[in-house]
Each structure stands twice: as C-alpha cells, then as structure tokens.
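Try each task before reading its solution.

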Amino acid sequence: MLLLAFSLSAACTGSGDPADPTTPRETATIGETPEPTTTAVSLTPGPTQTAPPGKEVEFGIEPGYPSRFTHDLTITFNGGKGQDYVTNIDVRVTKSTGEVLTEKMQPVKGDEFIIQHAKGENRVEITVSFVTGGTFKIRDQIVEVP
C-alpha cells in the first residue's frame with residue numbers, strides 16, 4: 001500500500017521537451033562585469049518654472065542647520081497656497097563632491113530632508129507635481145554650506 005502511494009505521488013519535473021544534444025547551450029563567462037552607466041553631474045543651475053497661480057508652495061533651505069560641525073544642509077517643506085494640491089515632491093541634491101542624493105518628500109508642512117557632510121557648493125533641485133496635473137521644477141539653485 002505504501003509503495004502504491006509513493007508511485008502515485010511521484011511527479012515528472014522535466015519540461016516535457018526532449019533534450020536536443022545538437023543545440024548549443026549558453027554559458028556564462030566568469031569575471032565578466034557589466035559596464036557601469038554614469039550620468040553627467042552638473043553643478044550649474046538650470047531654468048525653473050513658476051507654479052500656477054493659487055498653487056504656490058514654499059521651501060526653506062538652510063545651510064549649516066542643524067549642525068555646522070557636520071556641515072548639514074536642511075530642506076524643509078513650508079507649505080503655501082497650493083500645499084493641498086501637491087501629490088509629489090522630488091528633491092535632488094548634487095554635492096560639491098559629485099555625489100547625487102534624491103529624496104521624495106511628503107507634502108506635509110514641516111517635512112524635511114537633511115544632508116550631512118555637504119560642505120561647499122551644492123546644487124538643490126526641487127520638482128513638485130500637482131493633483132490637477134503638471135510637474136514644475138520650482139527650485140534649482142546653488143547653496144553654499146560653510
């Protein structure tokens with residue numbers, strides 16, 4: 001009885017296609033690494049756009065806050081007339097070293113993004129999307145952190 005149960009529960013695990021010995025197989029080369037993709041990093045500010053009337057929002061950018069010792073840079077969402085229409089806030093900071101940091105902030109007054117070790121010139125780009133449609137790059141500026 002036990003043998004009958006084992007034979008009925010056995011399943012075929014093959015693909016169903018017979019193996020063709022004449023078909024070459026792909027082999028992986030050990031030590032092959034893909035080429036890293038790099039994007040150009042620029043510290044030159046570009047053009048900005050103005051949010052539609054009645055949908056203006058404000059951001060605070062404070063170099064040296066909360067700590068001058070670690071050369072912090074703090075970006076804070078301060079709200080505004082259009083804060084209820086904001087669906088997405090993308091912040092991109094390019095440090096003077098070339099390192100790029102990105103953050104999705106919440107459209108909640110007081111939400112902040114703190115970057116440590118940002119001594120020197122940093123490019124701050126802030127892009128805002130609205131529920132009524134449209135995405136606007138409202139800030140693109142150089143901020144000097146002492």
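The exercises below concern a predicted model, and they go from the overall layout to single residues.

**Exercise 1. Work out the layout of the chain: how many helices and strands are there, and in what order do they run?**

Solution. Start by counting: the protein has 1 helix and 7 strands. Next, walk along from the N terminus, and you'll read α-β-β-β-β-β-β-β. Then look at the contacts between residues at least 6 apart in sequence: 60% of them link residues at least 24 apart. Finally, check the surface. Of the 146 residues, 28% are buried, and the protein exposes about 10,300 Å², with carbon and sulfur atoms supplying 54% of that area.

**Exercise 2. Find the open sheet of 4 strands: what is the strand order, and which strands stand at the edges?**

Solution. Step one is the order, which goes E4-E3-E6-E7 with antiparallel pairing. As a reminder, strands in a sheet pair through backbone hydrogen bonds, parallel or antiparallel.

**Exercise 3. Take strand E6 apart: which strands pair with it, and over how many bridges?**

Solution. On one hand there's E3, which pairs with E6 in the antiparallel sense over 8 bridges. Here Val91 stands opposite Ile126 of E6. On the other hand there's E7, also antiparallel to E6, with 10 bridges joining the two. For two residue pairs in this pairing, look at Glu121, whose bridge partner in E7 is Glu144, and at Arg123, which stands opposite Ile142 in E7. Now follow the chain around the hairpin of E6 and E7: there are 4 residues between the strands, and Gly133 has a positive phi near 105°. Last, check burial. Since 10 of the 11 residues of E6 are buried, E6 is largely enclosed by the rest of the structure.

**Exercise 4. Compare Ser129 with Asp84: is each one buried or exposed?**

Solution. Take Ser129 first, which you'll find in strand E6. Its relative accessible area is 12%, and the cut-off for buried is under 20%, so Ser129 counts as buried. Its side chain makes a polar contact of 3.1 Å with the side chain of Thr135. Setting aside neighbours within four places in sequence, Ser129 also touches other residues, among them Tyr85, Val86, Thr87 and Asn88.

Now for Asp84, which lies in the loop between E2 and E3. At 68% relative accessibility, with exposed meaning over 50%, Asp84 counts as exposed. To finish, check a distance: Asp84 and Phe130 are 46 residues apart along the chain, and their C-alpha atoms are separated by 8.9 Å.

Conventions:
Residues numbered from 1 in each chain as written. Predicted model: local features only at pLDDT ≥ 70, side-chain atom pairs only at ≥ 80, totals over all residues. Heavy atoms only, no water. Buried < 20%, exposed > 50% of the residue type's maximum accessible area, 1.4 Å probe, protein only. Contact = heavy atoms within 4.5 Å. Areas by Shrake-Rupley, 256 points an atom, 1.4 Å probe, with all protein chains shown as cover. Pairing = 2+ DSSP bridges. Polar contact = N/O pair within 3.5 Å; in protein donor to acceptor, adjacent residues only side chain to side chain.
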